[in-house]
Amino acid sequence: MTAIRTRIAPSPTGDPHLGTAYIALFNLAFARQHGGEFILRIEDTDQERSTPESEKAILDSLRWLGIEWSEGPDVGGPHGPYRQSERGSIYKDYADQLVNNGHAFYCFATSEELNDLRRHQTENKLPIGYDGRGLALSPTQVQQHLDDGIPHVVRMKIPREGMCVFQDMLRGSIEIEWAQVDMQVLLKADGMPTYHLANVVDDHLMGITHVLRGEEWINSAPKHQLLYQYFGWDMPELCHLPLLRNPDKSKLSKRKNPTSIMYYQRMGYLPEALLNYLGRMGWSMPDEREKFSLAEMVANFDVNRVSLGGPIFDQDKLSWLNGLWIRENLNDAEFIQRMQTWAINNNFLAPIVPLIKPRVDKFSDVLPLAGFFLSGMLDLTQDELANKKLEPEQVRKALQFTLWRLEALRHWQKDDIFAICKGMAETLEIKPKDLFATLFVVITGTANSVSVFDAMQILGPDMSRARIRHAVDLLGGVSKKEAKRWDKEYQAL
């Protein structure tokens with residue numbers, strides 16, 4: 001019997017997401033329950049957005065939760081490298097093989113041509129997708145374009161008729177019409193593979209036997225199955241897990257629920273409790289108990305107990321479960337030790353002390369000055385967020401636009417944060433000091449505190465952005481209609 005091997009393959013393009021931890025946990029539990037191996041690889045084919053900082057945050061946050069892998073970019077293994085950016089020549093060889101065997105083709109269409117195609121399809125209410133124009137070129141034309149050095153991508157051939165049928169461990173037989181499947185780009189013009197080619201090649205070369213992933217990948221399964229057929233390889237068994245959802249049943253999103261793992265670490269949740277809660281997302285113990293350890297989950301894991309109904313991620317329920325872990329699993333000494341590890345330690349306090357020391361006359365002044373560093377969401381009111389120089393609409397819009405800009409900031413440094421906030425104020429034609437005054441209250445809870453930009457750097461991106469998002473919600477939030485209008489304005493800046 002082939003040893004079971006599962007994997008998690010996050011993309012280092014942003015904050016470490018709860019969804020990544022959820023999928024990693026279920027892959028880990030499935031592999032270990034069957035005596036198999038769980039590995040981690042980094043899918044960093046998006047070179048423009050991938051950063052070393054994001055990769056480190058992903059690895060650190062998964063490890064903080066207690067998720068460990070037997071092979072990966074940091075621990076090595078027999079199937080490395082485990083970063084796709086370091087495996088470029090491998091993918092090109094396989095893309096060339098597909099072209100030579102008639103399963104893929106060169107496409108020389110420019111971005112402008114493809115944009116015109118999409119515009120034409122949209123205006124005429126036609127199906128959106130690539131029209132196969134690259135297939136109309138003769139071998140002579142293709143070779144001439146290649147000889148002339150015209151930029152190109154490699155696309156896979158897709159049947160235009162019939163039905164793709166594949167098996168899912170939870171859902172049984174799934175059918176998707178080939179007409180709904182696009183001729184996917186496999187190799188980009190820069191020589192980097194897309195997710196689809198790299199995913200299939202890596203899973204095969206790394207011996208992955210079972211792929212447990214989110215249900216948003218169901219529509220990609222036909223492309224992957226076809227690639228396995230083209231290469232003559234056996235496809236891993238597929239299991240598409242239900243997506244995490246907000247309490248209103250919408251897909252889990254940072255606008256309604258903080259999604260970064262680091263946010264929950266900064267809030268003071270125990271990793272065991274958060275992992276326990278993620279384990280309850282669509283799955284349950286045979287005896288239905290709500291509190292259980294990772295070892296207990298692994299020992300009792302049965303993928304067939306996964307429910308297809310969208311699991312609800314409820315912060316109040318998480319807090320209740322976290323409270324159980326604190327009260328039932330920590331004695332007083334352990335409580336103190338965990339508090340120290342969380343924030344009452346030299347590493348966290350060292351950058352705070354120079355900010356508050358000039359304002360301290362006695363140690364009893366410290367907590368009022370620095371308490372917001374140890375808090376979660378601040379208990380603010382609309383009156384406290386009011387700005388004498390700005391209309392309420394201006395405040396809400398300025399905060400939302402600033403939040404969008406800060407969400408794209410990958411290097412969280414004081415000078416960069418300041419530049420974004422100052423630039424946004426000037427773009428919106430308001431005085432920077434007026435926006436800064438509101439940010440002081442949003443971030444620190446008071447109009448008179450330490451430097452707000454120093455504070456944001458120390459609090460980190462997750463807590464800082466969560467507090468701004470919280471303030472926008474306190475001021476009335478952003479309606480769908482308003483969000484659409486504001487997004488257009490923001491994109492035009």
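Helices (H or I, at least four residues) and strands (E, at least two) are DSSP runs, numbered from the N terminus. The model is predicted: local features need pLDDT of at least 70 and side-chain atom pairs count only at pLDDT 80 or more, while totals for chains, interfaces and linings use all residues. Residues are numbered from 1 along each chain as its sequence is written, and side-chain values use heavy atoms, with hydrogens and water left out.

View 1. Most residues other than glycine have a negative phi, and most peptide bonds are trans. Lys249 lies in the loop between β9 (237-241) and α8 (261-267). Its phi is positive, at about 80 degrees, although Lys249 is not a glycine. Lys249 counts as exposed, with 56% relative accessibility; here buried means under 20% relative accessible area, exposed over 50%, and partly exposed in between (1.4 Å probe, protein chains only). Glu429 sits in the loop between α18 and α19 (432-444). This residue is not a glycine either, and its phi is near 60 degrees. Glu429 is exposed, at 75% relative accessibility.

View 2. The bond from Gly80 to Pro81 is cis, and its omega is near -5 degrees. Pro81 belongs to the loop between α2 (52-65) and α3.

**View 3. Strands β3, β4 and β7 form an open sheet.** The order of the three strands is β3-β4-β7, and the pairing is antiparallel. The edges are β3 (104-107) and β7 (185-187), each of which pairs on one side only. On average, neighbouring strands of this sheet are turned by 45 degrees against each other, direction ignored. Two bridges connect strand β4 (residues 153-156) with β7 in the antiparallel sense; strands count as paired if DSSP finds at least two bridges between them. Val154 has Leu187 of β7 opposite it. Helix α3 (residues 88-100) lies across β3, β4 and β7 and runs at about 105 degrees to β3. Axes are lines fitted to C-alpha atoms, for helices over the stretch in contact, and angles run from 0 to 180 degrees between N-to-C directions. Contact means heavy atoms within 4.5 Å.

View 4. Strand β5 (residues 163-168) pairs with strand β6 (residues 172-177) over six bridges, in the antiparallel sense. Cys164 has Ile176 in β6 as its bridge partner.

View 5. Side chains of opposite charge can pair when their charged atoms come close. A salt bridge is a side-chain nitrogen of Lys or Arg within 4 Å of a carboxyl oxygen of Asp or Glu. In the pair of Lys414 and Asp454, the closest N and O atoms are 3.3 Å apart. The two residues link distant parts of the chain, 40 residues apart: Lys414 is in helix α18 (residues 414-427) and Asp454 in helix α20 (residues 452-474). Lys414 is partly exposed, at 31% relative accessibility, whereas Asp454 is buried, at 18%. Elsewhere, salt bridges that share partners join Arg7, Arg41, Glu43, Arg87, Asp202 and Asp203 into one network.

**View 6. Two further salt bridges pair Glu296 with Arg289 and Asp365 with Lys362.** The closest N and O atoms of Glu296 and Arg289 are 3.5 Å apart. Glu296 is partly exposed, with a relative accessible area of 32%, and Arg289 is partly exposed too, with 31%. The side chains of Asp365 and Lys362 meet at 3.2 Å, N to O. Asp365 is buried, with a relative accessible area of 17%, while Lys362 is partly exposed, at 47%. The whole structure holds 33 salt bridges.

**View 7. A nonpolar patch lies on the surface.** Phe335, Ile336, Met339, Ile344, Leu349 and Val353 form the patch, and together they have about 470 Å² of accessible area. Patches are made of residues with over 30% relative accessible area and no salt bridge: like charges are joined within 9 Å, nonpolar side chains (Val, Leu, Ile, Met, Phe, Trp, Tyr) within 5 Å. Accessible areas come from the Shrake-Rupley method with a 1.4 Å probe; for residues, only the protein chains shown count as cover. Helix α12 (residues 332-342) gives the most to this patch, with three residues. Ile336 is in helix α12 and is partly exposed, with a relative accessible area of 48%.
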